[in-house]
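Please look over the sequence and the model below, and then follow the paragraphs step by step, beginning with the chain as a whole and moving on to its aromatic rings.

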Amino acid sequence: MRDAAAQFFGPAMIPLAASLIIGAAAFVVMRLYMRAVFRESRRPSPHPQRGREEEIIRPAGLLETAPLDIQTDQAAERARAQPERSLTFRHAAIAFRRAARVYVLAGLVFTVTTIGLLFQIGRAAVPSSPSRLTLCGFYVSVFWSWCLYVAIALALFWGPDRRFHVLLFAGYALVLPAIGALLQLAGAPALPLTEVGVMPEAEGAFVLSIASAIVGRTVAPESVTFAPLGQPIVFWGLTATPLFVVVVAFSRPVRATVGPLFVTLALIMLVSAIVLMDVAIGSPFGEWVKGYLNSVTATLATLWLVATAVSACVAWFGVRRIARGYSDKRSSDQTFLFDSLWLSATMFVCVALMTRTSVYLLGLLPFALYKLVVRYGLRPLAAAAEPLPNARLLYLRVFGSPSRSEKLFDLLSARWRYAGSIQLISATDVLRSRFEPDELLDFLGGRLASGYIRSSDDLDRQLRDLDVRIDPDGRYRINEFFCHEDTWQPTVKRLMAESDVVAVDLRGFTAGSAGVMFELGALIDVVPINRVALLVDPRTDKPLLRRALTDRWRHMSPKSPNAHTGSATARLIDLDGGYPAAVRRLLRLGDDVLAAGVG
């Protein structure tokens, strides 16, 4: 019955079905979560605060201050690479590059180990061609197909930098024709379809049917050959089955929500269900079910349903442990994301080994080696950052398009978090990229409202418990503040006072942006203007912004740190120069602030 089980649960069916279920479940849960946050944020606090808001927005008398100079920086022109002056940002630049190398190295270790298992233990099919050049091209192509996971991990690590992504994947794609060109120059022979070996019979018949339809006559298998130049592409396509999971479960609409969490949940279920199935098939219980149903297929289906129900409980317990580990800072959101990515590959390895051998749990070995490389590779980064000052960034914005808000914020946070923590007023436009394991459990457990700031005591408690410690991967965390409609203003003002740099995304700023008008006045009253960056683009009403800044500058509080500074300049960063250039400009501002010893 084990052979029947291997056919019943093929290596292609499980990953494809799992990826579709993961994508659908993640989308549904995220929509429900966003709706719940939107409703809760619109509600007034049960303990409304009075007084502080009026103190902030009440115009002060005119002060004898120098006029405010408002300058617009073209990010592309002003963000050229310069050496960092502060120890914190010098470390952040080095740590970002080293972490990228660690993840790439760990991915290559996973890939090499996986290929060894598939061909040495799993006895994966190889071409029957007698040509050593063809076999060499096959193994290199298979290795390169699995390296796509490494490229995807590097793209996720780097952040949404379109130019980098284009260069990365274009370079990846060009390697296959380069391998083919080398085979052609070395004199490798053409490969007949009958000698491909790794192509299943059904796929071969499908290819022949397409060829027959194109030429208008029946095409025999012996007449189809692949030239050396195209052989790597053929081999790559035939061995890229598990990539469908990555495309679905780690695409931006899903990956940016709860995709990784559901990947982990599904994989724990899968591995535990496979183990339970393996035990049940050879047990007296399995034989009893087979005798009672008198059908191998019905027996396998029944045992699979029972194993799935038990494994669901195991998986839920595992996810709860992961969430507690995240809350206790034994893991980080980035390592969790990459663990989910490589676990999706591990799922395919285990299933592939299950169809050919009984030692399918060896499929976990590549992931174990990956974790060892990551753990010991990133540990020095956390140790080096421990004694350095935390560059605290407050990121404010005009609430609007999720894709617009997420891309810039994700690119900035990927680099800034090696220098310091980021504080954020949470809303639906950034929820998709900020859904953490513990937040899922709070949402499913009906405890979402408990995380909201309802009173000054709640605000004091959350600021006192602010997470400013370093995660094991050497990065700081993003501290989210969930506010009701009548508690966000005091929260913003307190965060301004405790931040080293304040960045305000003003895309979409218009006369109707009353919340941003408040923030501009609070900025001038609370934060030295040289520690503020205002991000603009063509959708920003710049004349209105200049008038608002000038008016609030003239009516600033006498207690403002800007009241007696003499000449001052408000910095506008034009995002037309591109997000990467704007991020470099913000990092330069943080470096200047820490180098000057402010904060």
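What share of the contacts in the protein chain with a separation of 6 or more comes from residues 24 or more positions apart? In this predicted model, such residues account for 85% of those contacts. The secondary structure of the chain comes to 23 helices and 10 strands, and of its 599 residues 52% are buried. The chain exposes about 26,800 Å², of which carbon and sulfur atoms supply 61%.

We can now turn to the aromatic rings. A pair of such rings is described by the distance of the centres and the angle of the planes. The structure holds 20 aromatic pairs. In one of them, the ring centres of Phe 138 and Phe 235 are 5.1 Å apart and the planes stand at 85°, which is over 60 degrees, so the pair counts as edge-to-face. Phe 138 belongs to helix H6 (residues 132-158) and Phe 235 to helix H9 (residues 231-238), so that this pair links distant parts of the chain, 97 residues apart. Both Phe 138 and Phe 235 are buried.

A second example is formed by Trp 342 and Tyr 370, whose ring centres lie 5.6 Å apart with their planes at 40°, so this pair is tilted. Because Trp 342 lies in helix H15 (residues 333-354) and Tyr 370 in helix H16 (residues 365-385), the pair ties together parts that are 28 residues apart in sequence. Trp 342 and Tyr 370 are both buried.

Ring pairs also link Phe 96, Tyr 103, Phe 157, Trp 158, Phe 164, Phe 338 and Tyr 418 into a cluster.

How values were computed: Residues are numbered from 1 along each chain as its sequence is written. This is a predicted model: local features need pLDDT of at least 70, side-chain atom pairs count only at pLDDT 80 or more; totals for chains, interfaces and linings use all residues. Side-chain values use heavy atoms; hydrogens and water are left out. Rings of Phe, Tyr and Trp (its six-membered ring) pair if their centres lie within 6.5 Å; planes under 30 degrees apart count as stacked, over 60 as edge-to-face and the rest as tilted. Helices (H or I, at least four residues) and strands (E, at least two) are DSSP runs, numbered from the N terminus. Buried means under 20% relative accessible area, exposed over 50%, partly exposed in between (1.4 Å probe, protein chains only). Contact means heavy atoms within 4.5 Å. Accessible areas come from the Shrake-Rupley method with a 1.4 Å probe; for residues, only the protein chains shown count as cover.
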